[in-house]
Amino acid sequence: MRAEQLKGHLDLLLLSVLARGPAHGYAVIAALRDGSSGAFDLPEGTVYPALHRLESEGLLASSWGDAGGRRRRVYRLTGAGAAALRARRREWETFAGSVRAVVGWAT
Amino acid sequence: MGHMSADAVDRYLDELLAALDGRAADIRRVLVEVDDHLTEAVRAGVEEGLDERAAAARAIERFGPPRVVARRFARPFSPGRELATQLVLAVLLLAGVGMTTVGVSGAVAAGMGAAFGQQFVSGDHAGVTYTPARCAEYRALEPGAATCEEAATRHHFGEVVQYRAAAGVVGLAALAASALVRRRRRQAILVRLLPEGLVPAVAAALFGVAAAALALDAVTPLLAGEGGAGASLSAAIVAAVAGAIGAGTFVRTLGVRAERQPAQSSM
């Protein structure tokens, strides 16, 4: 999938990954790649600014953990993040359904 | 992680640090996270069979160019926040100039005292009297004074010069802080939200009004031949000079802006 197509849905994807449990940035990127069988493979540096923005909006929270003596930032979904995820899932399903309907109609 | 891959990661982090802008704590957090990410990516590459150098190169390539990554961390432009920042800086600059001007007027007052006597600067107006208790306080503060009035004059002269000097020090500190903040606000494109020339215009107006008011205050004792005119006169002179500098700067700003306007063709 082209990176430009993915950008618009990045927030939904990140919130969905973190809904499964707290994770650090590398694990989130790996989950995106593995969960999509390699379809979602955008530049990894784009994910951290998105995580920081979601945290500043109150949808995520983060804290420092320890990874073999190295400091690691771990993110988790907040209550507001869970509510936002539900809302964005509904929007996505409505949008995807409409696209499927038109594309199906066109063919 | 071996030293070859660590060097590559360190070089990447150095480039990222140079490109990042913002608060020190935020920058530090980004660097720690990116360092952790690249370290883990290198480890994963080695586990997949790549050598250290190739694993580091792949990790860095996947992460993206440092300048591109740094741009994505930049806070989105907020007109409200930027306007508030520019207003605060303008007020800080005006306050610094104002307080420094007060300090300079203290030096002028000290010079007037040396040239014309302390009575000229801080002598009491006609009709001012002190209670015995107040006199005793002044005599205790100025034991070398021959009379209560002389003690009061010396004490008030000291206050005029010292308080204004202290204000001058505060003003210079405010100007230094203002200059430091302006230098640290590195922006590729400076969005001017306040009208050009606003600060010098406001300074000219404020100093002009102050100079007029202080000059009026000095006129009566001057004409009456009484003491005390120097305190207001010294401040009026310095305020008038500061106002003139502000007005000149404002006019020069208008001139520069007029030169920047594209020439209008006449039909």
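Student: Is B:Tyr138 buried or exposed?

Tutor: This is a predicted model, in which local features need pLDDT of at least 70 and side-chain atom pairs count only at pLDDT 80 or more, while totals for chains, interfaces and linings use all residues. Side-chain values use heavy atoms, with hydrogens and water left out, residues are numbered from 1 along each chain as its sequence is written, and chains are lettered from A and ligands numbered from 1 in the order in which they are written. Buried means under 20% relative accessible area, exposed over 50% and partly exposed in between, with a 1.4 Å probe and protein chains only. B:Tyr138 counts as buried because its relative accessibility is 3%.

Student: How many aromatic pairs are found over all chains?

Tutor: Rings of Phe, Tyr and Trp (its six-membered ring) pair if their centres lie within 6.5 Å; planes under 30 degrees apart count as stacked, over 60 as edge-to-face and the rest as tilted. The whole structure holds 5 aromatic pairs over all chains. One of them joins B:Phe116 and B:Phe120, whose ring centres are 5.2 Å apart and whose planes stand at 65°, so the pair is edge-to-face. B:Phe116 is exposed at 58% relative accessible area, whereas B:Phe120 is buried at 19%. The rings of B:Tyr130 and B:Tyr138 are also edge-to-face, because their planes stand at 80°, with the centres 5.1 Å apart. Here B:Tyr130 is partly exposed at 22% relative accessibility. Ring pairs also link A:Tyr48, B:Tyr12 and B:Phe63 into a cluster.

Student: Which residues form a disulfide?

Tutor: A disulfide is a pair of cysteine sulfur atoms within 2.5 Å. The structure holds 1 over all chains, formed by B:Cys135 and B:Cys148 with their sulfur atoms 2.0 Å apart, and the link is left-handed, with -95° about the S-S bond. B:Cys135 lies in helix H7 (residues 132-141) of chain B and B:Cys148 in helix H8 (residues 148-184) of chain B, so the pair ties together parts that are 13 residues apart in sequence. Helices are DSSP runs (H or I, at least four residues), numbered from the N terminus, as are strands (E, at least two). B:Cys135 is buried at 17% relative accessibility, and B:Cys148 is buried at 8% relative accessible area.

Student: Which charged end sits over the ring of A:Trp64 at 4.2 Å from its centre?

Tutor: A charge sits over a ring if NZ of Lys or CZ of Arg is within 6 Å of the ring centre and within 35 degrees of the ring normal. The charged end at 4.2 Å from the centre of the A:Trp64 ring belongs to A:Arg71, and A:Arg73 lies over the face of A:Trp64 at 4.7 Å from the ring centre.
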